Amino acid sequence: MRGWLYLLGAAVAGAVVTTPALLIFVFGGGSVDDALFAALATLMLVSALMVVTMRDIIRCGLAMIVAFLALAGIYVVVGAPLMAAAQVIVYIGAISVLILFAIMLTQSKAAPAKLVFQTQAAPAAVAAIILVVLIALGVSATDWGEASTRLRLATDTLARILFRDYVLPFEVVSVLLLAAVIGGIFIAKREDEDPA
Amino acid sequence: MGLANSLDAYLVLSGALFAIGTFGFLARRNAISMLMSIELMLNGVNLAIVAFGSFIPDLKADGSIIALMVIAVAAAEATVGLAIIIAIYRNRKTPLVDEYDAMRR
């Protein structure tokens, strides 16, 4: 019985993700890229909404992984495959695992599972909706001077620019990351005299 | 001019992701949920940067390189933030931010 329910849920989720893509594919001229973009964008927005609204925080973490994966797909569609690879390796491989471990370390049964939202949740929702409307208006009102199609950049060109023109920022970021990791270990380290 | 070939579509999508993250940061009680919302916001900004780099010819590879730097800084931020949350949890035994009120009493 449980198995059929899970199958039904998967079918509903698949329908929600593919319906806008199919509509755009049929009525928008049959472009595969457009359909892919619509499907990945729907998947990303739905799973991001699940991250901020679901009650069980471990499921929020898993939905966040789905959102990151959909965003990696969008990076591929926009023409930045190296960014997609970095997204999968860093966000899904490292940050998500870190967050899942932190969830397992900090959730106690005594914490009330009922109240996931602060009292200011409704004003926050209104503010977020106003924010997205303002961003959409501003974006559509501005002329960015953009090209009419996506520019694809070869990865070896990108690597050459990164390791020749931007080698100093690259090294600075690596030192920053090392310092942050050492600091994180120091902060989270258990004190020896602490009995707990 | 399709959806995947217009910069506006990517920018509106990144704005929507940023707004969802904003809502989560303002509305959730759990400190780790707030950190996850911050990650969503960072991803929205990153999508905007990559989209600019992919559509503006003058930027060439700069968009992708800035976005890679943002990913590295986000990893550092997540490390320190989660360590701070774990340290606070060890003292206060709760992950809920509205119970961190020691300086208000």
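# Exercises on a two-chain predicted model

The C-alpha centres of domain 1 and domain 2 of chain A lie 27 Å apart; the domain bounds come from an automatic or database domain assignment. The model is predicted: local features need pLDDT of at least 70, side-chain atom pairs count only at pLDDT 80 or more, and totals for chains, interfaces and linings use all residues. Residues are numbered from 1 along each chain as its sequence is written, while chains are lettered from A and ligands numbered from 1 in the order in which they are written.

**Exercise 1.** State which residues form domain 1 and domain 2 of chain A.

*Solution.* Domain 1 consists of 1-108 + 116-138. Domain 2 covers 153-196.

**Exercise 2.** Describe the span, bend and packing of helix 4 of chain A.

*Solution.*
Step 1. Helices (H or I, at least four residues) and strands (E, at least two) are DSSP runs, numbered from the N terminus. Helix 4 of chain A comprises residues 81-106, 26 residues in total.
Step 2. From first C-alpha to last, helix 4 of chain A reaches 36 Å, close to the 38 Å expected at 1.5 Å a residue; the expected span is 1.5 Å times one less than the number of residues.
Step 3. A bend of about 30° occurs at A:Tyr91, the bend being the angle between axes fitted to the seven residues ending at a residue and the seven starting there.
Step 4. A residue is buried if 20 or more other C-beta atoms lie within 10 Å of its own, exposed if 12 or fewer, and partly exposed in between, with C-beta atoms placed from the backbone. The buried residues of helix 4 of chain A include A:Met83, A:Tyr91, A:Ile99 and A:Thr106.
Step 5. These buried residues pack against helix 3 (57-78) of chain A together with helix 2 (31-55) and helix 3 (62-92) of chain B.

**Exercise 3.** Characterise the side of chain A that touches chain B.

*Solution.*
Step 1. Contact requires the C-beta atoms of two residues, placed from the backbone, to lie within 7 Å. In these terms, 84 residues of chain A are in contact with 67 residues of chain B.
Step 2. Helix 4 of chain A gives the most to this side of chain A, with 12 residues.
Step 3. By class, this side has 63 nonpolar, 17 polar and 4 charged residues. Ala, Val, Leu, Ile, Met, Phe, Trp, Tyr, Cys and Pro count as nonpolar, Asp, Glu, Lys and Arg as charged, and the others, Gly among them, as polar.

**Exercise 4.** Is A:Ala180 buried or exposed, and which residues does A:Ala180 touch?

*Solution.*
Step 1. A:Ala180 is in helix 7 of chain A.
Step 2. A:Ala180 is buried because 20 other C-beta atoms lie within 10 Å.
Step 3. Not counting residues up to four places away in sequence, A:Ala180 touches B:Ala76, B:Thr79 and B:Val80.

**Exercise 5.** Summarise the fold of chain B and the setting of B:Val70.

*Solution.*
Step 1. Chain B has 3 helices and 0 strands, in the pattern α-α-α along the sequence.
Step 2. The radius of gyration of chain B is 17 Å, whereas a compact globule of 105 residues would have a value near 13 Å; the radius is taken over C-alpha atoms, and the globule rule is 2.2 Å times the number of residues to the power 0.38.
Step 3. B:Val70 lies in helix 3 of chain B and counts as partly exposed because it has 17 C-beta neighbours inside 10 Å.
Step 4. B:Val70 touches B:Leu42, B:Val45, B:Asn46 and B:Ile49, not counting residues up to four places away in sequence. The C-alpha atoms of B:Val70 and B:Asn46 are separated by 7.2 Å.
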